[in-house]
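Hello,

Here is the structure I promised to pass on to you.

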Amino acid sequence: MAHIRNNGNSRHGTSMRRTLRREAASTIGLLADEQDFAAMRRYRTFTFDDHTIYLQQVESLLKALSAQGMHATVALFDPEEYAEFCAESGIAPDAPASRSRFTAEIASAGATVAYAGQPIDTLIPILVGRAVRRATWEYATTLLAGLGECADCGQDIGHAAFDRASHLLLRILETAGPGTHHLVCSTPTDNEHLLAVLHTERGTTGPSRLESEEGAEFVTVLAVAVALERPGGVVLRTSSAGAQDRVHGWRLTRGNLVPLSAGEVFSAYCTDADTGEPVAPEPHVEYCAGFELGADEPEAHH
């Protein structure tokens, strides 16, 4: 009888573990391109030898996890960051447990994409784009934090610039009115050319619906341009049902957003940024002057 009871306990324990397994989230560290994949092949315990097959196997694993009702996310696995992580943590890089530990680390602090049945070819660009946005935000945040205080008034320069950039964004969205808005902000720094993108929607009543993380990234990049008084610009494209898309633009000058003329917006939008060659204008798009953002703005700088 004791033997039978033990079997029952064993079966019950197995059932409980399966239940818990279904409720445990899974994160996969993905080597998105062939160069990163090749870098990992120097480790003996990394047994894949073909990137295409590797991606197929990752997709199959994601489908299997989803079929079991499990939540799965994908994080971008960077071999250089992995090697640095292992060195700093004092762990052996040529071990599956080390790769798993690194994946958990980047999932907690880095960019991830939740798997929702999308093909791997669709998931990868989303993941890479999110990782680039995250890196841009981290760089811009570090840059702002290092600016210190104003020598004249003692105010934190980065904080003041962030407040001003937030105000400028809200003024743009308030003045733009109803519709689906797509904004792009770009500005150069000493080491990087920063680019931030923001999507919002606004109904006929109420404020714009703003995704908090994307909004913070956009404001941070705009704040860098304000604080450093670097050149750059903001472009707004608005789509509304039954109407042409409207494109507006502003130039960043000494921490201010100065409206571009309709001709300047057309020229900027219809010129290839790499070659300088003209690009045919899009149909059903109206190129408009940037609108004034009002005179109630905070001080531009100190």
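Tyr115 is buried, because its relative accessible area is 11% and buried means under 20% (exposed is over 50%, partly exposed in between; 1.4 Å probe, protein chains only). Before going on, please keep in mind that this is a predicted model, where local features need pLDDT of at least 70, side-chain atom pairs count only at pLDDT 80 or more, and totals for chains, interfaces and linings use all residues. Residues are numbered from 1 along each chain as its sequence is written, and side-chain values use heavy atoms, with hydrogens and water left out.

What does Tyr115 touch, leaving aside residues up to four places away in sequence? Its contacts (heavy atoms within 4.5 Å) are Leu62, Lys63, Ser66, Ala72, Thr73 and Leu123. Ser66 is 49 residues from Tyr115 in sequence, yet their C-alpha atoms are 8.0 Å apart.

Now the pockets. A pocket is an open set of points on a 1 Å grid over the protein atoms alone, where a 1.4 Å probe fits, with protein on both sides within 12 Å along at least five of seven lines; lining residues have an atom within 4 Å of a point. Volume is the space filled by probe spheres set on the points, which are joined across faces, edges and corners.

The largest pocket has about 580 Å³ and 21 lining residues, with Leu76, Asp78, Glu81, Ile106 and Gly110 nearest its centre. The second largest pocket holds about 380 Å³. Lining that second pocket are 16 residues, and Ile28, Gly29, Tyr54, Arg99 and Thr103 are the closest to its centre.

Enjoy exploring!
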